[in-house]
Structures are given as structure tokens and as C-alpha cells.
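Please read them beside the structure.

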Amino acid sequence: MTSRVQQLAVIAITSALLSACSSSPQPKTSTAKNFVVVPPTEDQIEASVKDQLAIMLEAFTPIAGQALPNNTVFEAYKDREFNPIWIENNQLNMSIYKLIDILEKANTHGLNPIHYHADTLKEYLNINTPSQQQLAEIDVIATIALSSYAHDLSNGRYEPLLIDPNWQLDAPSEDWKNILWLSSATDMVNSLPLLAPRHPHYQILQKWLVYYQELADKEPDIKVNVGVPLTLGDEGPRVAQLRARLIQLGDIRFSTRKVNEDQFDERLKDALINFQRRHHLTADGAAGSKTIQTLNIPLKERVKQINYNLERWRWLPSRLEADRIWVDLTDYKVHTHLNGETQSMRVVIGKPARKTPVFYGKMTYMVTNPTWRVPHRIARENLLPKIKENPDYLAKHGYKVFANWSASAKQLDPTTINWKAIDQSKLSYRFEQNADDSNALGLYKFMFPNKNDIYLHDTPAKHLFKEVDRAYSSGCVRLEHPDEFAELLLEGSDSEDKMNEAMNSGETKVITLPQYLPVYLVYFTVVPNDNGMPEFRNDVYKRDKLMEEAMGYAPFSPSDSI
């Protein structure tokens with residue numbers, strides 16, 4: 001037998017996956033052991049390495065549009081001239097056992113272990129005397145499992161745009177690919193944990209996920225019976241249930257101090273207020289119907305919610321810029337990270353019918369005293385009905401009308417147009433609102449050019465910032481203190497003087513920012529609060545429901561299956 005043929009045989013990539021099914025490996029107590037590779041004869045080489053590897057990749061590819069890195073697996077084998085990854089010096093690399101351990105704990109990251117073939121690998125490893133064919137299959141399946149897990153841990157398992165067209169923030173990293181070009185299987189396995197998002201919020205949420213998973217597995221949910229609101233000074237078994245549930249959820253730390261379990265004391269009130277705050281409830285320290293309903297949400301539901309948000313973190317860049325603008329849609333706030341400091345303010349976001357999309361942009365300039373070119377959709381759905389109701393509406397609110405959307409369009413006299421005769425779907429006029437205090441954009445507009453035509457701006461509707469839930473805009477993000485935001489972005493630069501001059505003169509002026517800043521519009525329904533506790537937020541845009549369906553948690557009818 002030639003050395004080249006022997007080399008190909010030892011690779012053990014030449015065997016078809018389907019033959020592994022027929023070999024019916026018998027389970028046995030799993031122990032780490034060294035498999036000695038016995039070179040096969042020349043007759044055992046049944047097909048080309050490339051063809052058989054392709055068969056195995058296809059066999060282990062799931063459906064439903066989930067992106068798995070099979071091409072990368074093939075390229076990695078090709079680059080190493082189809083030498084095996086897990087067989088070294090005629091022995092199986094023992095790091096495969098560590099790999100299986102990692103894959104079996106994929107649920108600690110909100111990933112499903114069933115996607116990574118750990119049980120299949122364990123069955124192979126329990127074979128008393130594995131054939132060359134079975135060793136081949138171990139090598140390829142282990143590599144597929146490793147690469148799939150590496151991809152999913154780094155970039156997320158699901159394609160965000162397939163789940164929600166308004167979710168346009170997907171920043172896939174290439175780091176996971178590098179793992180397959182490391183020199184040994186040991187290095188590959190040891191590098192896997194480094195692929196998870198390094199942001200502290202991800203790491204804290206992961207710990208809470210494990211806590212809730214273990215809690216849900218070992219004890220039932222403690223329920224608080226429905227009844228009259230529970231307040232300070234109340235006594236009875238429902239108070240004991242309330243205390244026990246808050247202990248279970250971590251709002252009351254276990255203490256050896258003796259307490260009257262049935263009495264609603266100050267300590268219980270403080271714990272309940274903490275619970276209410278981290279669930280965006282009215283923090284009055286009383287257990288009313290809404291609070292009890294939230295308390296009784298099962299632990300397994302909370303596990304799923306955390307899973308959704310860990311996946312959302314994996315859709316973000318693996319490394320976030322130190323200086324950035326972070327628009328937290330579910331918290332109705334914008335956080336400006338600049339020069340090592342963070343400033344925050346309230347915002348108003350798009351109403352549910354006109355969701356503010358999740359995406360990334362780069363803020364490059366601002367406009368003082370902006371005119372407002374009304375988007376076509378808003379003109380059709382909002383402006384036209386108001387004009388039909390009141391013909392003087394345009395003049396009263398400082399709107400100009402143009403014949404069409406071209407730059408050279410002629411300005412028209414709105415009083416000469418029969419507005420009531422215009423069908424909403426056929427409206428072709430362009431509307432612009434003059435720059436003044438009543439302008440829908442206010443006095444400031446902050447631009448990060450994007451296909452959605454979304455930006456941050458001022459607003460005359462200041463009363464909306466007093467609301468707890470602030471989803472009222474047509475999609476853009478309104479700032480509570482745009483003057484402070486502008487000063488923060490321009491501080492100490494020549495652009496700050498230009499802004500001040502423009503504001504004093506009332507001039508509409510474009511001002512370039514001294515530093516271009518990345519802007520992230522993000523959507524999380526579970527985040528760690530300042531105390532490291534999980535904060536469960538209102539799902540303003542019902543995006544968790546879409547995640548539930550995509551990740552396989554939603555029930556379906558048998559008629560929906562293939």
C-alpha cells in the first residue's frame with residue numbers, strides 16, 4: 001500500500017454517514033480511552049474524501065433557514081489536505097470529551113444541545129472496537145459540532161431578518177472561523193468559551209439563566225393566590241406566599257434572622273418595591289392584581305425570555321466601540337458614551353404601528369432649526385386627513401406644498417387644491433414644514449444616514465416625556481433635552497461656536513460633528529439592572545413572540561408539520 005493511500009485511510013473521512021446508522025453502535029459506560037487507529041486496506045477506500053465529506057455535511061445540516069458553517073468545515077479539511085482533526089499520532093485526541101461536555105451545556109447560553117450532536121458522539125465513543133469507518137465519522141461529526149457551536153455562540157443561531165423585518169442589526173463576526181485553523185483539536189476546544197459575547201450584560205444574564213433553569217428543574221413555582229391587594233401590616237397565608245416567592249426569585253436574600261412569615265413588614269415591602277421596579281410596575285410596595293400576575297409568571301417562561309435576549313446579544317458586534325450612542329428602545333432612553341463618561345436622557349420612540357427599527361448607523365452631522373420634509377407615508381396617513389378636516393391646517397402650522405418630490409418641484413398654493421377629492425393612495429404632493437418652535441422636529445436634528453430615514457430630533461410635544469411608556473412617534477427618536485445632547489457632542493470644538501451662532505440667528509445650518517459616532521438602536525426585554533438583578537421589560541413591539549416562534553418554543557398543530 002502506498003504511503004499516500006495509507007494517509008487517506010487514516011484520515012477516515014472516506015466513509016459515508018449512512019453506513020454509520022447501519023452499524024448500530026451499542027452504548028456502554030462512557031470512559032475516556034485511547035483509540036488506536038489501524039490503517040485499512042486499499043480496498044476500504046470507497047470514494048473520494050471530498051465527496052464523502054460533502055455527504056456528511058449535508059446529512060448534518062438542519063432545515064428552517066438556520067445558517068450553519070458547513071462550507072467552512074470543508075475548507076478547513078481541504079486546507080489541511082484532508083488530514084483528520086481529532087486523530088493525532090494514531091490516537092483519538094482526548095479533548096473530544098471536553099467538547100462533548102461543552103456541547104451538553106449549550107443550554108447555559110440559551111442554545112439547544114440537540115443541535116450539536118453530543119449524544120451521537122457519545123454513542124460512537126462507547127463502541128468497544130470502532131472501525132476505521134466509525135473513526136472517520138467521529139472525526140467529521142465532531143468538527144461539524146464544534147464549528148456549528150462556535151458559529152452560534154459567536155453570531156447567534158438564527159437569522160434576525162427572517163424573524164423580524166424591522167430587526168436590521170446583525171453584525172456577524174468572522175472570529176469563529178479562525179478556530180478551525182488552530183494547530184490542534186485541544187486548542188480549538190479551549191478557545192470555544194472565548195467566542196461568547198464579552199459584554200457584562202450578556203455574562204450576567206447567562207448566570208441568571210442558569211439560576212432560573214436549575215430552579216425550575218428542582219422545585220415548583222411558588223404561586224401567590226389571587227385576592228385583595230396585600231399591603232404593609234397585612235397578615236395571613238397569602239403574605240407568606242408572597243414572601244416565599246420573593247425569596248425564590250432572589251428579591252429577598254436568605255437570612256437566619258427569625259421573621260413572622262405571615263406578616264407584611266417593612267423588609268417585605270422593600271423587597272416587593274425592588275421586584276416592581278425591575279419589572280417596570282408601579283413601585284408602590286403593594287401586591288395588587290398586576291403585581292401578583294407578574295409574580296406568578298412561571299420560571300420556565302422567564303428562562304425563555306432570557307434565551308431570546310442572549311440570542312439578541314449574539315447578533316451585535318462582538319466588540320462595541322467605547323464612544324457610542326446607545327438608543328435603548330424598551331427603556332425609552334438614549335445613553336451617550338463619550339470620553340469615558342455616560343450621559344442618559346429620556347426619549348420617545350415609534351408607536352407599535354410604526355415601530356422604530358433596530359439597526360446601526362454612524363452619526364456624522366446635525367441640523368439647527370431644521371425644516372421638516374414630511375415622509376410620504378405620514379403625509380398620506382396623518383397629514384391628509386387633517387387637511388380634509390380643516391383646510392387652514394397647512395397655513396396654521398407653517399407647511400409648504402410642492403407639486404412633487406423632485407428638487408425643482410414648483411411650490412403650490414394649497415387653497416387652490418381640492419383636498420377632499422384626493423384619494424390617500426394617490427397623494428403625490430410634497431410637504432415641508434417651516435423651521436420654528438412648533439416644527440415637528442423642534443430646533444435640532446441629529447443625522448446618521450440610513451435607509452429607514454430615522455434620526456434623533458427635538459420635539460414641541462414635551463409633555464410626552466412625563467409618560468412612563470413613551471411609544472408615540474412615527475418612528476424617529478425624540479430627545480427630551482436635545483440642546484444638552486448637542487452640547488455634549490460638540491463640546492470644545494469649532495462646531496460648538498457654529499451651533500451657537502445658528503441658534504442665535506435662527507438659521508437652518510448643517511454642522512459636521514467633530515467626531516463621527518456609531519449609533520445603536522437596540523431592543524432587549526431582559527437586562528441586568530444596576531444591582532445585577534434581571535430587569536424584565538414590557539415587550540413594546542411584541543418581538544418576543546416572534547422569537548418564541550423562531551426558536552421553536554411556540555406550540556404548533558400537527559397539520560403544520562411536514
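1. Two strands are said to pair when DSSP finds at least two bridges between them. The model discussed here is predicted. With that criterion, S5 and strand S13 (residues 471-473) pair in the parallel sense over two bridges, and Gly 350 stands opposite Ser 473 of S13.

2. Strand S5 (residues 341-350) also pairs with strand S4 (residues 333-338), here in the antiparallel sense and over six bridges. Leu 338 faces Glu 341 of S5. The hairpin of S4 and S5 has two residues between the strands, and Asn 339 takes a positive phi near 55° there.

3. A further partner of S5 is strand S14 (residues 477-479), with two bridges in the antiparallel sense. Val 347 has Leu 479 in S14 as its bridge partner.

4. A separate point concerns an open sheet of four strands, ordered S7-S10-S8-S9, with antiparallel pairing. Its edge strands, S7 (372-373) and S9 (411-412), each pair on one side only. Within the sheet, four bridges join S8 (residues 399-402) to S10 (residues 430-433), and Tyr 399 stands opposite Gln 433 in S10.

5. The largest pocket holds about 880 Å³ of space. It is lined by 38 residues, of which Arg 354, Trp 372, Ile 378, Ser 473 and Ser 474 are the closest to its centre. Helix H16 (376-389) gives the largest share of this lining, five residues, and S13 supplies at least two. By class, the lining has 17 nonpolar, 13 polar and eight charged residues.

6. For the second largest pocket the volume is about 730 Å³. Among its 31 lining residues, those closest to the centre are His 280, Asp 331, Lys 333, Glu 535 and Arg 537. Strand S3 (324-328), S4, S5 and S16 each give two or more residues to this lining. The lining of the second largest pocket divides into nine nonpolar, eight polar and 14 charged residues.

Methods:
Residues are numbered from 1 along each chain as its sequence is written. This is a predicted model: local features need pLDDT of at least 70, side-chain atom pairs count only at pLDDT 80 or more; totals for chains, interfaces and linings use all residues. Side-chain values use heavy atoms; hydrogens and water are left out. On a 1 Å grid over the protein atoms alone, a cavity is a set of points where a 1.4 Å probe fits but cannot get out, and a pocket is an open set with protein on both sides within 12 Å along at least five of seven lines; lining residues have an atom within 4 Å of a point. Grid points are joined across faces, edges and corners, and a volume is the space filled by probe spheres set on the points. Ala, Val, Leu, Ile, Met, Phe, Trp, Tyr, Cys and Pro count as nonpolar, Asp, Glu, Lys and Arg as charged, and the others, Gly among them, as polar.
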